[in-house]
Amino acid sequence: MSNEMQNRIHLNKILGTKGPFSRPDFECGVTAFECLSACKVLIIGSGGLGCELLKNLALMGFTNLHIIDMDVIELSNLNRQFLFRQKDIGKPKAEVAANFINTRIKNVKVTPYYNKIQDFDEDFYRSFHVIVSGLDSIVARRWINGMIVSLLQYEDGVLDESSIIPFVDGGTEGFKGSARVIIPGMTACIECTLDLFPPQVTYPLCTIANTPRLPEHCIEYTRVLLWPKEKPFGDAPIDGDDCNHIQWVYEKSLERSQEFGIEGVTYRLTQGVIKHIMPAVASTNAVIAAVCATEVFKIATSCCSPMNNSMVFNDIDGIYSFTYEPEKNENCPACSGVPQYLDFAETDKLSTVIDYLKESPKYQMRSPGITTIVNGKNKTLYIQTVASIEEKTRQNLKKTLQELQLEDGQKLFVADISTPNSLVFVIRFRK
C-alpha cells in the first residue's frame, strides 16, 4: 500500500469520527480527497496572512492554488512573512511565495499573479471554486466582494446556487483578528457590514497646522503642508517605499516636534503614518489563517458545516474569541438589488452629494464619479480619476442639482474604486 493511500485512510478515519460538528449526510472516502485536488482556490494577498494561508492550504491537500499580490518584498516583511528570505527583497511576493511552496510540497501547483485584483475580469474569477483573502485594504475587500456578488445569476428571481463562489475573508491588526465566511446572495457580504470597519484615522488641518499635540500631527504637517510647498524631490508625490522620501519627512517632522516639545517621532512611526501601516503580529496571522483554511476545507469537502458566519479573535489580555452571525442588509448597495436613494434639495450642490457619498458610513466611497442620462443622452457630471475629464467637469461641483437639469426620481450612475461595477442611485428631492 502506497504512503499516499495510507495517509488517505488515516485521514478518512479522523474525518469519520462522529462529533457535534459533523454533517449527518457526510460520507468519508477517497471522494473527499478528490474534492481537494479538484478544488481551484484563489488566495488574494501574500503578506503575513497570505503566506500562512498558502502554506496551510497546501499542507491540507489542496493542489490547485492560485495567488495574487501586487507588492514586492521589503526588508520589513521578513519578520513575519516566513516564505521570504533576504535574497528575495525586491522580488514580487506572489512569485516568491509560489516558488517556495512548489519546491517544498510535492503534487502542489501554485500559480502566481503579480497583478492588482482589478487587472482581471469576471471570467477569471468565475473559474475558481473558493476565494480566500488575507488583505489589509478595505477598498480591495469591497472590490472583490462586489466582483463575487456580480457573478451571481438568477432565474425568475431565484438564485442559481451553481453561480455562488464562497468567499472566506481574514484580517489581522496587532493582537486582534477576524475571519468570516461569506456565501454571496445568502449571507451578509462585506458591504452589508461596512459600518463595522473602523473609520480611517484623520487629523484636522487646523490642529496639525497650529496646535499639534501628537507625534502623528507633526508627521502629517510635513506630509500635507511642507511636502507640496518645499517639493524636495520636484513634483514627485511621497513614495512610502522610497527611503529617501521617508527620511526627509522624518527629519522635518522631528524638527517640528522639537519646536513644540513633542516626543515620539521616529523613523518607524513616520513610515507607518505615511503608508498607513497597521501593526502585524505573526502569531495572530497564524491563528486567523488556521481558521480561514479550515473553513475552506469544510467548504471543499462538506465534512462540516461552515462557520455561521463571522469570528473575532483577541489575545491582548488573555485569549478571547467569539462567533456571531451578522444579518444580511436588505438594503445593501452591493447584494440586495434594491435601488439606493439620495435625498437632497434642488438647491444642493453636486459637491454636497459627492461629500455625502464619501463621508456616509454606508457608502464610504473614495473618489466617486457620477454620470446620468439627460434627454436620452449620457451626461458626465463629475469624474475625478481621469485628469482631463476632471478638469472639464470641475465646474459642475459648484452647480446646484437644478442647474444640472436633474429631476426628482432621476437615476445617477456612480463609479468608485471600491466597487467593480457602477451603483445606481435615485435622486429624491426634499419637499
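Predicted model: local features only at pLDDT ≥ 70, side-chain atom pairs only at ≥ 80, totals over all residues.
1. The loop between helix H11 (282–301) and strand E9 (310–314) contains Asn-309. Asn-308 and Asn-309 are joined there by a cis peptide bond, with omega at about -15°.

2. Two residues other than glycine are noted for a positive phi. In Lys-231, phi is near 45°. This residue belongs to the loop between helix H8 (215–230) and helix H9 (243–259). Lys-231 has a relative accessible area of 46% and is therefore partly exposed, because that class lies between the limits of 20% and 50%.

3. The other case is Gln-364, where phi is likewise near 45°, a positive value in a residue other than glycine. Gln-364 is found in the loop between helix H12 (350–359) and strand E12 (369–374). Its relative accessible area is 22%, so Gln-364 also counts as partly exposed.

4. Strand E1 (residues 40–44) is mostly covered, five of its five residues being buried. The covering applies to both faces: Lys-40, Leu-42 and Ile-44 lie on one side, Val-41 and Ile-43 on the other, and all are buried.

5. E1 has pairing partners in E2 and E4. With strand E2 (residues 64–68), E1 pairs in the parallel sense over five bridges; within this pairing, Ile-43 stands opposite Ile-67 of E2. With strand E4 (residues 130–133), E1 pairs in the parallel sense over four bridges, and here Leu-42 is the residue opposite Ile-131 of E4.

6. Thr-193 is situated in the loop between strand E8 (176–182) and H7. When neighbours within four places in sequence are set aside, Thr-193 is in contact with Arg-180, Ala-188 and Pro-326.

7. UniProt, in an unreviewed entry, places the feature "active site" at Cys-206.

Key:
Residues numbered from 1 in each chain as written. Heavy atoms only, no water. UniProt positions renumbered as here; feature names shortened; annotations may be inferred. Buried < 20%, exposed > 50% of the residue type's maximum accessible area, 1.4 Å probe, protein only. Pairing = 2+ DSSP bridges. Contact = heavy atoms within 4.5 Å.
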